[in-house]
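User: Could you walk me through this structure? I would like to begin with the terms.

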Amino acid sequence: MKLVYFAWVRERVGKAEEELAPPASVRTVADLMRWLSEQGEEYAHAFEQSKSIRAAIDKNHVRPDAAIAGAREIAFFPPMTGG
Amino acid sequence: MQITVRLQPEDFDVAAEQAALTRGRTDIGAVVTFTGICRGAESGEPIAALTLEHYPGMAEAEIARHVEEAKSRWPLLGVTVIHRYGRIAPGENIMMVATASSHREAAFAAADFLMDYLKTKAPFWKQVESKSGKAWVEAKGADDQAAARWNKPPGSEAAE
């Protein structure tokens, strides 16, 4: 699946997007954040404040308990500050 | 119902956008416009510029979704939402919302509603550039509270 990152999540991970294939045991957005934080120092840093990171699946806001099965694109970003 | 939603790096002309919303119409009796402008200082510190990052595709979809929600709550005759991205200097426009209706109550309420939702749900992130470097703007709890007040059953705002 395609992962995309924005704002300080993008800066900490060090890339704007990537293709990753997490193991089948990774079922929810919260699982995915935990799994990502084990993929290297940059990910550990990006996801250490996982409670303040928001997620979207296929461009719709989702909660951490949302299932990721079938997702084409999952985005992680800080709380929004537009307007 | 005329709906315009645009994301763009370049500035826009609020008066021209408002004129476009009402041109040739005699059913519109009220237009409310809100314009967000880049301040020259944040927390007392002068800033050089703001940079707005957005999530292409999702930003348009979120704005369109909230315009639809506003349409279902109030008798609107037109809505314009324009949001810039990229580098924005102090004094420049960041975004605007214009709502048109036959009477002012719906236009005021819909503009207020759209602003509260855009602040908390539209995927944009502001970064401040100043002498001390670049820093991401932190979301304010007050914005979430402002958005939450619209979660009441439709129509209950009328009593306020």
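Analyst: Contact means that heavy atoms lie within 4.5 Å. This is a predicted model, in which local features need pLDDT of at least 70 and side-chain atom pairs count only at pLDDT 80 or more, while totals for chains, interfaces and linings use all residues; side-chain values use heavy atoms, with hydrogens and water left out. Residues are numbered from 1 along each chain as its sequence is written, and chains are lettered from A and ligands numbered from 1 in the order in which they are written.

User: Thanks. Which residues is A:P79 in contact with, leaving aside neighbours within four places in sequence?

Analyst: A:P79 is in contact with A:S52 and A:R54, and also with B:W125 and B:A139 of chain B. A:P79 sits in the segment after β5 (73-77) of chain A. Helices (H or I, at least four residues) and strands (E, at least two) are DSSP runs, numbered from the N terminus.

User: And how far is the C-alpha atom of A:P79 from that of A:V29?

Analyst: The two C-alpha atoms are separated by 16 Å, and the residues are 50 apart along the chain.

User: Now A:L32. Is it buried or exposed?

Analyst: A:L32 counts as buried, because its relative accessibility is 0%. Buried means under 20% relative accessible area, exposed means over 50%, and partly exposed is in between (1.4 Å probe, protein chains only). A:L32 belongs to helix α2 (residues 29-36) of chain A.

User: What is in contact with A:L32, beyond its neighbours within four places?

Analyst: The contacts of A:L32 are A:M1, A:L3, A:P22, A:V26, A:I74 and A:F76. As for A:I74, its C-alpha atom is 9.7 Å from that of A:L32, although the two are 42 residues apart along the chain.

User: Which residue other than glycine has phi near 70°?

Analyst: That is A:K59, whose phi is positive. A:D58 also has a positive phi, of about 45°, and is not a glycine. For background, most residues other than glycine have a negative phi.

User: Where is A:D58?

Analyst: A:D58 is in the loop between β3 (54-57) and β4 (60-62) of chain A, and A:K59 is found in the loop between β3 and β4 as well. A:D58 is partly exposed, with a relative accessible area of 25%; A:K59 is partly exposed too, at 28%.

User: Switching to chain B: how many helices and strands?

Analyst: Chain B has four helices and nine strands. Along the sequence they follow the pattern β-α-β-β-β-α-β-β-β-α-β-β-α.

User: What is the radius of gyration of chain B?

Analyst: The value is 16 Å, which agrees with the value near 15 Å that a compact globule of 160 residues would have. The radius is taken over C-alpha atoms, and the globule rule is 2.2 Å times the number of residues to the power 0.38. The C-alpha trace of chain B spans about 50 × 35 × 30 Å along its principal axes. Of the 160 residues of chain B, 45% count as buried.

User: What about α3 in chain B: what should its 18 residues span?

Analyst: Helix α3 (residues 104-121) should span 26 Å at 1.5 Å a residue, and its end C-alpha atoms are 25 Å apart, which agrees. The expected span is 1.5 Å times one less than the number of residues.

User: Which elements do the buried residues of α3(B) pack against?

Analyst: They pack against β2 (30-37), α2 (58-73), β5 (76-84), β7 (93-101) and α4 (141-148) of chain B. The buried residues of α3(B) include B:F113, B:L114, B:M115 and B:Y117.
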